[in-house]
Amino acid sequence: MRSYRVYENMNPQKDISGEDFDLVSQVNECMMLSRIFDVVKTDIARQGVGHCRRIVFEHNEEKDLRMKNYYDMMIIMKNLLSGSIRSESREIRVKTEISDGDLIVTVADDGTGISRKEKPFIFSPEFSTKDETGEDRKRGRGLLLYNVRKAVINSRGKLQIHSEENQGTTIIVRFPLTQVLADDNAKLIVMNK
């Protein structure tokens, strides 16, 4: 996270050298999608998975994908999984596929869902599901989804949320391949699909 903060707050007028240069270059490195999933799984497991019995990652492409600006994908995956776990999900399914020139990431859970009353506020960083006594009813998704939305916008993606109270949540994120893939393979994949 440190490297991202340095990059985010960097003064473009300042000369980049030494440690600053190393930290900025780390942000611009690439990472395979499978490795991103491994890092996120390890981090989530370290925090504990609550009631969740199973997290399934499914990649429907023959070839692993080399992601640029992988930090955004890590933010998205970690926050979506954390939100699903906090919603008392027993199973979470993460699926990636390529369709119509986009990388589509779907995270579906069988948790408590989002109530109709809460839906207008889910992207607000101030939103919480805490009641007047300060008790956390469902450990709200406000800050988690706020961070997801920022990372999706940064990668020029689109975000859809389908949720009903007590029926789980499905979140679909679509990224243009040319924005998220590190290689020129993005153009070849688009042309071959």
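This is a predicted model: local features need pLDDT of at least 70, side-chain atom pairs count only at pLDDT 80 or more; totals for chains, interfaces and linings use all residues.
Visitor: Okay, and which ones are buried in helix 3?

Guide: Those are Leu33, Ile36, Phe37, Val40, Asp43 and Ile44. They sit on the same side of helix 3, because they cover an arc of only 135° around the axis.

Visitor: Why would residues three or four places apart point the same way?

Guide: An α-helix has 3.6 residues a turn, so residues at that spacing face the same way.

Visitor: What do the buried residues of helix 3 pack against?

Guide: Their partners are strand 1 (31-32), strand 2 (54-59), strand 3 (66-67), helix 4 and strand 4.

Visitor: How many residues does helix 3 have, and what comes just after?

Guide: Helix 3 has 15 residues and reaches 21 Å from its first C-alpha to its last, close to the 21 Å expected. Just after helix 3 comes glycine 48, with a positive phi of about 95°.

Visitor: Switching topic: how many residues are in the largest nonpolar core?

Guide: That core has 38 residues, and Ile36, Met67, Met73, Met77, Val94 and Leu103 have the most contacts inside it. Several elements each supply at least two of its residues, including helix 3 (33-47), strand 5 (102-109) and helix 5 (142-154).

Visitor: Which helix gives the largest share of this core?

Guide: Helix 4, with ten residues.

Visitor: And what is methionine 67 in contact with, leaving aside neighbours within four places in sequence?

Guide: Among its contacts are Glu29, Cys30, Leu33, Ile36, Met73, Leu103 and Val180.

Conventions. Residues are numbered from 1 along each chain as its sequence is written. Side-chain values use heavy atoms; hydrogens and water are left out. A nonpolar core is a set of buried Ala, Val, Leu, Ile, Met, Phe, Trp, Tyr and Cys residues joined through side-chain atoms within 4.5 Å. Buried means under 20% relative accessible area, exposed over 50%, partly exposed in between (1.4 Å probe, protein chains only). Helices (H or I, at least four residues) and strands (E, at least two) are DSSP runs, numbered from the N terminus. Contact means heavy atoms within 4.5 Å. The expected span of a helix is 1.5 Å times one less than its number of residues. The arc is that of the directions from the helix axis to the C-beta atoms.
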